[in-house]
Amino acid sequence: MSRRALRRLRGEQRGQELLGLGHLGLEPGPEGPPPSAATGRGRRGPARTGVSNRFELIPAEESEDEPPSSEERADAWLHERDATEGNSEVAVAEETEGDGHRDGEEAEQPDQMPSLSNKPRKKKKKRKTRKTSAEETLEDNDLEDIDGLLEKPEDTNGLSQNSQSGVISDSRPLLYVEHRNLNPENELKRYFGARAVLGDQRPRQRQHQHVRSTWLTTPKNTWPRYSRTGMSMELLETRRGVQYFAFKHHHKYQQLQFKFLEAVESMNLNNIVMLLEALDPYHVDSLLQLSDVCRMREDHEMARDFIEQALYSMECTFHPVFSLTSGTCRLDYRRPENRSFFLALFKHLMFLEKRGCPRTALEFCKLILSLDPDNDPLCMLLMIDFLSLRAREYTFLTRMFQEWESHRNLSQLPNFAFSVALAYFFLSQQEERSELELSQAQERAAQLIQLALIMFPSVLMPLLDHCGVQPDSRVTSHSFFGLNAQISQLPALTQLTSLYVERTHSLWKDPAVMAWLETHVHEVLRKVDAQDPLVQEAEHKRKTRYQSAPRNIYRHIVLSEVKEAMAALPLEVTSQPVMGHDPLPPLDSIISYTRPERTNPPSSENTLSLFFRSLLPNFNMQEDIRHDGEEEAGAGQDLNQGVNRLMAAMRDMLVNIQFQEPPRDDNPEGDGDWD
């Protein structure tokens, strides 16, 4: 800073202090020496009496950080003493003395004139504008920094960040969930642009403000107005920094649940619809059941809408402490009240994946897994690798494998054995990485894919078949990857391999991936021919570790509806009824309330009646049974009506059966010549 600027700055401070520090809420300091003695110079600048804004001349840095100097305190004390005595000539003398000690350049400055004119105002405006432009520059820089921080944490290619944002993202918990990644519109905006996704939704949303804003779903204006449904969430306990919550059904919601179960047992869809329309439009289990019906009828838009309404209803009942993003909130699947939330999240995830939003689906998968990571009731570990690869979150998948392999044995699952190797291969193809990182990723990918092929040889041939690739003769003729590898494996392992191949075969169709896989398949065959002990060890593990699958794997297969995996389910699963609102409930469920016994239970139907109902959904033997006091009198008549209905249904079935006649040859005798 130049000497002239310093002199001007001191003059402004002194002109400001002549207004009196008492008016600013400050008290004068102790009496000090004259300013000329303190500074070694004479007094500069006249007392400014025409200042319209007394805060305008205070520099921001000095007013906040620096206390007033001894020179300023002396000036303020002298000014107040003169004002008290009523001697105005002292100020004039100071002005004259200050003008005598000025330099030639200082005498020409217009901002030091004692009178009020347009020039000082012009100078003030210039100074103010200069200050405002500096502040705007700082604000612009801050906004650019904020935008950069918002863009850097998300890396669609799975690259590790060396910046501060990358360090923060790596230091977060593995199952940390971000709110912005729960909205599929954010992902669609990155693909197609905001204008193509939003369209004219914003003006419509401003017209209706009664819808509550939530994180899991975006409420629609066409939904019914939400009111308390009789369901809430309570905090059960807190252990080691982990909070355990549970949904609670009050008396009103319990009655709705009983009526819903009766509607399901009646096998009449209209009863569920009437329950939603007449009693509660946000009954969660009814919405889940109707979603399944709409999905079977291929009305996917309505099915997805029902799931979103169920999630919206449950999020409105969250406990104030319950957090979706912390990863420390738990829900016990053994409680029937909590299962609806798990199932709604899972079905919403499936719709997102089919909609083309794998990054959002991955975030919901992490959310479900964080609710009960130890038990994993829906077995999200069988899906999280596929979603990570589709979303190109390779770093997340490799990090999960490194952190959980020691206590969860992820390498013993076929999906993780192959997917992690594929993730390392994709990382080795990224040119943005250094040569050292690329070589390490290549070595790790080669090691893991060979271990996966040795441990699960039955995956290769179905995978190549789904990809439409014909292997060479050496692979097809070898017994290690042949048909014997698929027939000899246990049913539990068949379920896992079928599920993985059906779900992820599209990720292996890349020619570069197939060339890489072919190289290591031949390397594995070389080890098999050389009788590597690793091959025999893997065979022993396959025979001992996959005797039977746990119940959560069966539940995952039923919810995923993968045909090949469902065909491999055991009889104990397929023989029991599977309800859409509660598939395969845990055997150790925690029941908080029970359904009361009905006074007039419906008469049980025989096996033949159930058989005809499976063929003819409209058939109902008990349709005309009276429920009043005439039951005994009309018992014989009801029996006859039931028999007549049964015979009519049988006649209809026999009439509709048509046998196709074998084709007749125009020349029945034939020529008799086969040579």
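## The nonpolar core

A nonpolar core is a set of buried Ala, Val, Leu, Ile, Met, Phe, Trp, Tyr and Cys residues joined through side-chain atoms within 4.5 Å, where buried means under 20% relative accessible area, exposed over 50% and partly exposed in between, with a 1.4 Å probe and protein chains only. The model here is predicted, so local features need pLDDT of at least 70 and side-chain atom pairs count only at pLDDT 80 or more, while totals for chains, interfaces and linings use all residues. Residues are numbered from 1 along each chain as its sequence is written, and side-chain values use heavy atoms, leaving out hydrogens and water.

The largest nonpolar core holds 129 residues, and L216, F341, L349, F416, F418 and W508 touch the most other members. Helix α20 (residues 414-428) gives this core its largest share, eleven residues; helices (H or I, at least four residues) and strands (E, at least two) are DSSP runs numbered from the N terminus.

Which residues is F418 in contact with, leaving aside its neighbours within four places in sequence? They are I449, A452, L453, F456, V459, Y500 and W508, with contact meaning heavy atoms within 4.5 Å.

## A look at W215

You can find W215 in the loop between α11 (201-207) and β1 (231-239). W215 counts as partly exposed because its relative accessibility is 48%.

Beyond its neighbours within four places in sequence, W215 is in contact with H179, L182, E315 and L324. Its C-alpha atom is separated by 7.4 Å from that of N183, although W215 and N183 are 32 residues apart along the chain.
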